[in-house]
Amino acid sequence: MRKRSHRSRAGLAIAAAALLGIAGCDASGGDSPAPRGTTAKAQPSPKPTPTWDSSPESLAAVGDSITRGFDACSVLSDCPEASWATGSDAKVRSLAVRLLGKAGAAERSWNYAVTGARMEDLPGQMAQAVTKKPELVTVMAGANDACRSSASTMTSVTDFRTAFEDAMDTLRGPLPKTQVYVSSVPDLKRLWSQGSSNPLGKQVWKLGICPSMLGDADALDSAATQRRSQVRERVEAYNQVLREVCAEDRHCRFDGNAVFDYRFGTDQLSHWDWFHPSKEGQARLAEIAYRTVTAKDPVA
């Protein structure tokens, strides 16, 4: 009798343990089958919404003469069809053409850049861009802030930052999710080193092209060397501002100084002024922009 009772208690304990085991597996998300008569459906994890779209459907460009294609086609003239950002020239294959196709670029890209513009002009250009509700805005500005009559008259870093922040605020108010590609300011000292060996280029520079860097192109004395270094350091400071302000915006990508670091040669410079990009130079700018915009991850 006692032995039988012992077996009964043991059987009950085993059954209870089995039930608890099933409950424990279910609670911990185990792989045990669901009881009969019920249907277990796995709930898929929601996919995070990407913060960057590498295939925007429209594009607006703001900036200065480089984005207007100045001197890329003829002397002292804008040539927007050769613009790295929105141009239609087959030799350039602009960012708009690469992203939208030729027909799409013609219908859904707009160029609000102005030759001679400085960063203080960017908020006004951005306000124009906002009216088109673009999915991507390209920014290339800052060269004219350093290219002044002298190094002492360059735009201060503080004013440069304020103007860029104002431009971003102008965009962000009505278009909080529009993406922004920001190009670094080109290395103006490299422009001097590449063009200073060309007699024609130096004659054109005397007409007043970027005097803070290109003035007295043959001078190699300490004052001239210091002046050029000062301009280069200011450009580097501008690029740091662009990097920092862009980093604060989850829908903004800076090129990681790719334009500043690009080792361009005379083939990439306009043979009208040996300063602005030629069509080949514009094509290189378009390549850098496209690489940055379509990259899986932002440039570090």
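## Ground rules

Residues are numbered from 1 along each chain as its sequence is written, and side-chain values use heavy atoms, with hydrogens and water left out. Since the model is predicted, local features need pLDDT of at least 70 and side-chain atom pairs count only at pLDDT 80 or more, while totals for chains, interfaces and linings use all residues.

## The sheet

Let's start with the strands. Five of them form an open sheet in the order β2-β1-β3-β4-β5, with parallel pairing. (Strands are DSSP runs of E, at least two residues, and helices are runs of H or I, at least four, numbered from the N terminus; two strands pair if DSSP finds at least two bridges between them.) At the edges sit β2 (109–111) and β5, each pairing on one side only.

Strand β1 (residues 59–63) pairs with β3 in the parallel sense over five bridges. Look for G63: its bridge partner in β3 is M140. Helix α5 packs on the sheet too, touching β3, β4 and β5. Here, touching or contact means heavy atoms within 4.5 Å.

## Helix α5

Now zoom in on α5 (residues 157–172). At 1.5 Å a residue, its 16 residues should span 22 Å, and its end C-alpha atoms are 22 Å apart, which agrees. The expected span is 1.5 Å times one less than the number of residues.

Which residues of α5 are buried? They are F160, A163, F164, A167, M168, L171 and R172. Buried means under 20% relative accessible area, exposed over 50%, and partly exposed in between (1.4 Å probe, protein chains only). An α-helix has 3.6 residues a turn, so residues three or four places apart point the same way.

## The cores

The largest nonpolar core has 51 residues, and V139, F164, V182, L188 and F275 have the most contacts inside it. Helix α9 (residues 222–247) gives the most to this core, with seven residues. Apart from it lies another core, of 21 residues, among them W52 and I288. A nonpolar core is a set of buried Ala, Val, Leu, Ile, Met, Phe, Trp, Tyr and Cys residues joined through side-chain atoms within 4.5 Å.

Most residues other than glycine have a negative phi. R93, in the loop between β1 and α2 (95–108), has a positive phi near 50°. R93 counts as partly exposed because its relative accessibility is 43%.

D216 has a positive phi of about 50° although it is not a glycine. Its place is the loop between α8 (211–214) and α9. At 61% relative accessibility, D216 counts as exposed.

Notes. Axes are lines fitted to C-alpha atoms, for helices over the stretch in contact, and angles run from 0 to 180 degrees between N-to-C directions.
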